[in-house]
Amino acid sequence: MNTSLVILGSGYTARFVLPLAERQYFRVLATSREPDRHLSHIQPDQRIQFDLTRQDTWKNIPTDADLLWCFPATPLNLVIAFAETLKPYSRRAYTTDSSIEYPPPWVDEKAPIDLAQPRVEGEEFLRTHCAAVILRVAGIYGSGRNPIDWITSGRVGPSRKYVNLIHVQDLSATCLAALERGAPGEAYNVSDGTPRTWKDICRIAQDRWGIQPSLETDDALTGKRIANGKLLSLLSSAQKSLAHVDLYRSLEQLHSEKAAT
């Protein structure tokens, strides 16, 4: 593994990856279109200006570092052109987010993907042509992203639709495991491995915190049930494991954190 890591795109997940990565890499750099504005939480010498749509910023990315790509890989023509500037390739990982059966069948990494989506098309280019490790990420939650708030705000409501989630801390650990142990050109589903229906989550929210859902829902949607066996094997090879496999315990922790502020 290289001694340096560049995080391309410094949004929600990157904030949690960065402190973990600093234990593993000698140098960790992060990018933003406006680094001095959006990356004030890290040292100036760790900030890099990068914008996929501005080719003059591509030269700012060191070619001898591992890369963690954290924004949609579109448009494809720019993804291809930028990838060409990074040869020879270093290790890299890319993170991303209906059946008539019910419960819906389990979905693993061999399931068909929708190449009509520009983001998916970009991911597949990075996987097949650049040997990128692709992380197909379920719904991300954690500090500042609480599913209970989604219910309170009416963003979701009780339905039979299955949802797959991953805590941002587990996702951050997975990103580093993928860079360390991920097989080049492979894809991994990133989920806690226990799909739940929104009806079940809303019931727990009402029983424990008295939250009454306000959204009327459509029971025609079934969602997916994502299998994470391949992810667990990857984490095991890096001597890691998921820390947040009990969603309701994690929600209790988030609720306590919020109440304490």
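Start by selecting leucine 5. Leaving out residues up to four places away in sequence, Leu5 touches Ala21, Tyr25, Arg27, Val28, Leu29, Ala65, Asp66, Leu67, Leu68, Leu176 and Leu179. Contact here means heavy atoms within 4.5 Å.

A quick word on what you're looking at: this is a predicted model, where local features need pLDDT of at least 70 and side-chain atom pairs count only at pLDDT 80 or more, while totals for chains, interfaces and linings use all residues. Residues are numbered from 1 along each chain as its sequence is written, and side-chain values use heavy atoms, with hydrogens and water left out.

**Stop 1**

Buried means under 20% relative accessible area, exposed means over 50%, and partly exposed is in between (1.4 Å probe, protein chains only).

Helices (H or I, at least four residues) and strands (E, at least two) are DSSP runs, numbered from the N terminus.

**Stop 2: serine 4**

Go to serine 4, in strand S1. Is serine 4 buried or exposed? With a relative accessible area of 8%, serine 4 is buried. Show side chains, and you'll find a polar contact of 3.3 Å between those of serine 4 and arginine 27. A polar contact is a pair of N or O atoms within 3.5 Å; within protein, one must be able to donate a hydrogen and the other to accept it, and residues adjacent in sequence count only if both atoms are side-chain atoms. Beyond four places away in sequence, serine 4 touches Tyr25, Arg27, Ala65 and Asp66.

**Stop 3: helix H7**

Select residues 198–209, helix H7. At 1.5 Å a residue, its 12 residues should span 16 Å, and the end C-alpha atoms are 16 Å apart, which agrees. (The expected span is 1.5 Å times one less than the number of residues.)

Highlight the buried residues of H7: Trp198, Ile201, Cys202, Ile204, Ala205 and Trp209. They cover an arc of only 160 degrees around the axis, so they sit on the same side of H7. That arc is the one of the directions from the helix axis to the C-beta atoms.

**Stop 4: salt bridges**

Side chains of opposite charge can pair when their charged atoms come close. How many salt bridges does the structure hold? There are 13, each a side-chain nitrogen of Lys or Arg within 4 Å of a carboxyl oxygen of Asp or Glu.

- Select arginine 208 and glutamate 252: their closest N and O atoms are 3.3 Å apart. Arginine 208 is in helix H7 and glutamate 252 in helix H9, so the pair ties together parts 44 residues apart in sequence.
- Select arginine 33 and aspartate 51, a salt bridge at 3.7 Å. Arginine 33 is exposed at 58% relative accessibility, whereas aspartate 51 is buried at 11%.
- Select arginine 196 and aspartate 192, bridged at 3.1 Å. Arginine 196 is buried at 10% relative accessibility, and aspartate 192 is buried at 5%.

**Last stop: helix H4**

Finish with helix H4, whose buried residues are Val120, Gly122, Glu123, Glu124, Phe125, Leu126 and Cys130. Their cover includes S4, helix H3 (76–84), strand S5 (92–95) and S7. After H4 comes alanine 131, with a positive phi near 60 degrees.
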